Structure formats: C-alpha cells, structure tokens
Amino acid sequence: MKKWFKFPLIAIVLILSLSLVGCNDNGDEADAYENGDTISGVFTGTGSGHGGDIVVEVTIEDGEVVAIEVVEHNETEFFYELPFENVIHSVVVDGNLNIDAVAGATLTSDGVLEAITEALEAAGMDIEAMMLDGQDGGDEGILIELETDVIVVGGGGAGLASAVTAAQFGSDVIVLEKMPFLGGNTIISGSGYNAVNPRLQEAQDPPVEDSIEFHFQQTFEGGDELGDPELIQILVEEALAGIYWLQDLGMEWQDDIFMVPGALHRRSNMPVMPLGTGFIDAFQNFIEESSYVEVFLNTTVEELIVEDGHVVGVRATDADHNTVIVRATNGVILATGGFGANIEMRMYYDELWHVLDDGIPTTNFPGATGDGIVMGEDIGANLVGMPYIQLLPFGDPETGSLSGLIGSSMEDHIYVNLEGRRFIDEGARRDEMSAATLAQTDSRMYVVIDSRTVPTGAEYNFFGETHDALVAAGRIHRADTLEELAEMIGVDPEVFVQTIEDFNAAVDAGIDEFGRTVFHGRIEQAPFYAGARMPTVHHTMGGLQIDAYTRVIGVDGEVIPGLYAAGEVAGGIHGTNRLGGNALTEIIVFGRIAGESAALQR
Ligand code: ADP
C-alpha cells in the first residue's frame, strides 16, 4: 500500500529548469548499450502539449525505467508539475503506461505520455506489456487491516480540511485517496472563496458594502430558494472564520477582493498561490508535521462497513490489488467530491440541461465520479438536489478546463458570440449565462478584455497562467486594435467595434441593455484580448443529505450513526445553482464541521 509523501513542488520546478539548461537531444541509440538481453541507455522522445513540444529523456537500466526527465517544454506556469509528476511516477514506480490524464491539464498529461512512449519505442521496450490493466497489474493482493479514530474518504479540499480538524481535536485519522495525488478538484479550482470580509471589502476603491444577511440572501435566492436555509446560514456565518483558520495553517491571501463569475457580489477572497494549490499546500504542511494523520494514495474505497446500523469502517482496494479494511472507532467522513466526470450518472440525474453527454466536457478531474454518493445510497442515505448540475459558461472548448480563461475578475470582461455581439449580463447567475451561451452558434463565445487588468501580459489568470504564455501557445488572441482582434477571431470588425462602443456607452450611462450592473470601466485600452470558451460541466449540487453537524441522513429521515459527509459529495446547500466562489467556502466550513463532529462523535 502506497503511503503519501509531500510532493516537493519547488524541487520539481528546480529539476525541470536545471534539465532545460543541460538539454541533450542526441541521447538515443548513441548512449544505449545492450547488456545481455536487456536494454540500457538514455532515450529521447517528443510529444505535443498545450504549449508545443514536450521533450523527455528516459533512462533505462537493464530493461527497467529508472528515471525520466522533462528536458524541454513550454507548458504554462504552475500547472505542469502535477501532470508531469503523475505520469512520470506511474511509469518509473509502477512500470505502467496506462494512465489517466490529470484534468485541467489533459494535453500536458497526454503530451508527456506521448514523449515517454516515443522514447520507450526508440529503446525497443515492449509498450504493450506496459499497458497495465489495473494500476500495477500485480497478482491478487493480500488483506490489509487497519484501525483508527476517524476515516476520511477522499483527499480533496473537504477531506483534508476535515482530516486536519479531526487531528486538531486529538483524533488519529486515516485519509484514503484513490488518485496518485492529493487535491481532487479543489487543486484545479479557480480558488475564489466567498466570505464577507469587512476589513478587506471596506479598503477597496470604492468600498464594497456587504453583510452576512446579503450573502445568505444571494445564496438562497441564487439557488431558487431550494437550498437548506440552516446549512446556508452556517456557510455564510462561518466563512470568514474559515479564512482565519487557514491563515493559522500558513495559507496566504491577497488583499484585493474579487467577484468571480457567478458570485453576484464582490466578496471573493483570493489566495496568493494559484488555483487551489494554497489550500492543499497548507493541509499537506500540517499533515507532514503531524503524527495524527496518515494518507494512503491509490487506494479506492468501494464500500462502507455497517454493523448494527452504525458505519464502522470501509473496504478499499489499493494499487497492488490488496484489499484494505479500515475500521474507525469514531466515524467515517465521506469527502469524495461530485460526479461531474461521470457521464452516465450526470445524464441519469440531470433535469436542467438534457445535453450532458460526452459532447459537453468538464472542468472536473477524472476522479469526480460520484463514488461517495453511490456508497452512501447503498446503505440507505437520502439524496437531495440530484437533478441540479452546474455548467460553467466559460470552460476551454477543447479540454473543458478552466485553464486558458483570460482576465482576473468578472468586472473586466464581456462575452461576445461568434457573430461578434454581446448576448447576456456577464454578472448574471452561472445557469443563466450557461443557458444563454448554449443558445449561441456552436454553443461558443469569446471572452474579451482590454489591458487595464492585464497591463503587461505577464499577469496571471485564475488558473495560474500568464496571458503572454497563453498568447505564445496560440490559446488566446491579442491585438493592438479592436478591428485586428475581430479579424483574428473571425467576426465582422464593424459589428465587433459597434459592440464595444455600445458596451462603453452602457458603462458611461450605467444602464445596460442586458441588465448588467457591475462595471469596471470602458473597454478601450490596447492591446485587447479574446479567448474562445463554452459551457462545461462544473459542479454537481446534489448529493448526500446532511444536517448541521454534517451527519448523513437516511431515507427514513434519521441520522446514520458514524457517517458524515462534507464538500461536493453532500447535497442540499446550493439549490439549483451554486454561486461562483461558494464551493471553496463550503468545503472549508463543512469540512471543519465534519472533522470536529467525527472527532467528538456527535
Ligand atoms: P471536494 O471539493 O468536495 O473536497 P474534491 O474533488 O476536491 O472534492 O475531492 C474529492 C477527492 O475524493 C478526490 O481527490 C477524489 O479522487 C477522491 N475520491 C473520490 N472517490 C473516491 C474513492 N472511492 N476512494 C477514495 N478517494 C476517492
């Protein structure tokens, strides 16, 4: 069973940059030597990623892959480490080429895999033999039995928040994570965290007026009043405390307050680290220093163990096909996330869109398959809100990911369709923006911004990518005039310029034909940017019914003793439509409650 080790982010960045300096393209056959029947040598392969060629050097000793170095790549900053590490780990440690791509970085994952495969082919390795069926293709495993106070199923944001909290309350905790890395969808999220934060909101120019009541009202009404008011009240009241708790764990936050798209108000707090890496990094640091939390990766929980009506443990399978039985004295927390990546399940439950087949990509990573919902339902848990699935209006049309989105806050951008016209209030609810985008030609639109929020091009987007890098990779367009930009995206320049003029007039008048009320000034400062986007599956609002202690409720309306749920696996908070920026708040607020409740056996 493979235990977790803290992935050294900085070390990998260093190794990658050092490798770039010492790049050697001629490593193939020249360095290879035959050793009896086995293959040894350094072999080079090339694949294509987001930013062009990815070149690797694969070191083989006596027929075994012992090291892989990425010697050349132009992937965008911050987010290349995870797919590189995932693929390299699988090939070097497990000898396996049959690997799931890391969502949000599918092209990077596929590119590095392609490069490694080419190098292995050049070496004359048996590629077929490395396409393992399971994660390591081993024989039947053994039975491993473990005991702890609290089991956490899933090592994303909610799971790690609950694990850390349970440990802070003195419990021994085992986290079981099915993927080869921690972070789940949380680590690839846009990272906006809604919390009324008067100290920062009042310091903005102009100051932002807000209140807990207003956050409640917008969350409740933004979900068509179908969310559970008791849970929403907890969400909005505990949001700021969650930020302070994370700060105590070492997480850093920006001083600016944003309005992430669909947030409806300027109360999105932003971490300093990109995407959700700041959350996961803080949790990993705690876990590394704590003797209370053990993490097992590549370990898929398949079943809850119930005795006398109490959930007392789980049955899992690890990468070596071992059966892992873990028993918990205090309780089991399900934090397995949503089912946005499970096409069958989302088509079965969806009642909003009726188009969620494989033609609609997802922002989610491949692990978001609804396992916890199914396991809970199997033992009698009640499901709520299942028909409500959120589409994000601005996913990457190719991969579904948030990656490549331009700008930093909704105030700075507009959406135009393939005819060059605006069609919606860009500050609207996510479901309204997605429905409007689906109704446009090819369900596509362009996000358009000017240079006020991207003065140099070196600024990062939500996804930790610089605009310069995205332009260089051909993923977005940049032009010195609106007419030029129109040509680049294939729309009539006259129509496009008129659209911008109309928008600027709306900014000046403060009255917009689409009802937009939040503006950040005119679009007039060159250069101008545009990036193609489309609605992609983002969040599943339905899941296990929980109470204020995150205890899971059965179909009989009674608490299921020993079972807790937090994060996207739980349903009922957001109603039909989750506000942008409320998910990270949810995973922290309810993750903490779950950890405390399980530790104290509430
Ligand atoms: P949340 O935002 O609610 O925390 P995430 O998607 O961030 O959700 O995290 C959920 C985590 O649970 C992911 O890392 C995912 O791989 C993991 N997971 C899902 N199903 C299982 C399972 N059956 N066994 C173990 N881990 C699981």
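Which residue in S9 does Tyr193 stand opposite? Tyr193 stands opposite Asn269, and I will come back to the strands around that pair.

Some ground rules before that. This is a predicted model, where local features need pLDDT of at least 70, side-chain atom pairs count only at pLDDT 80 or more, and totals for chains, interfaces and linings use all residues. Residues are numbered from 1 along each chain as its sequence is written, and side-chain values use heavy atoms, with hydrogens and water left out. Helices (H or I, at least four residues) and strands (E, at least two) are DSSP runs, numbered from the N terminus.

Back to the strands. S7 and strand S9, residues 268–271, run antiparallel and are joined by 2 bridges; two strands pair if DSSP finds at least two bridges between them. They belong to an open sheet of 3 strands, ordered S7-S9-S8, with antiparallel pairing. Strand S7 (193–194) and strand S8 (253–258) are at the edges with a single partner strand each, so one side of each has no neighbour in the sheet.

Leu264 sits in the loop between S8 and S9. Its phi is near 70°, which is positive in a residue other than glycine. Leu264 counts as partly exposed because its relative accessibility is 22%; the classes are buried under 20% relative accessible area, exposed over 50%, and partly exposed in between, with a 1.4 Å probe and protein chains only.

Next, strand S6, residues 173–176. In a regular strand the side chains alternate between the two faces of the sheet. In S6, Val173 and Val175 point one way, Ile174 and Leu176 point the other way, and all are buried. S6 pairs in the parallel sense with strand S5 (residues 143–153) over 4 bridges, and also in the parallel sense with strand S10 (residues 293–296) over 4 bridges. Ile174 takes part in both pairings: Ile151 has Ile174 as its bridge partner, and Ile174 stands opposite Glu294 in S10.

Now a buried serine. Ser162 lies in helix H5, residues 157–168, and counts as buried because its relative accessible area is 0%. Its side chain reaches the backbone oxygen of Gly159 at 2.8 Å. That is a polar contact, meaning a pair of N or O atoms within 3.5 Å, where within protein one must be able to donate a hydrogen and the other to accept it, and residues adjacent in sequence count only if both atoms are side-chain atoms. Leaving out residues up to four places away in sequence, Ser162 touches Val152, Ile333, Gly591, Ala594 and Gly595; contact means heavy atoms within 4.5 Å.

Which side chains make polar contacts with that of Arg422? One is Glu426, at 2.9 Å, and another is Asp512, at 2.8 Å. Arg422 is in the loop between S16 and H12, and it counts as buried because its relative accessibility is 8%. Among the residues it touches, beyond four places in sequence, are Tyr415, Phe503 and Phe514.

Ser443, in the loop between H12 and S17, has a positive phi of about 55° although it is not a glycine.

Two cis peptide bonds to look at. One joins Asp205 and Pro206, with omega about -5°, and Pro206 lies in the loop between helix H6 (198–202) and helix H7 (212–222). Another runs from Ala526 to Pro527, with omega near -5°, and Pro527 lies in the loop between helix H15 (493–509) and S19.

Asp480 touches Ala526, Pro527 and Phe528, not counting residues up to four places away in sequence. Asp480 is in the loop between strand S18 (477–479) and helix H14 (482–489), and counts as exposed because its relative accessibility is 53%.
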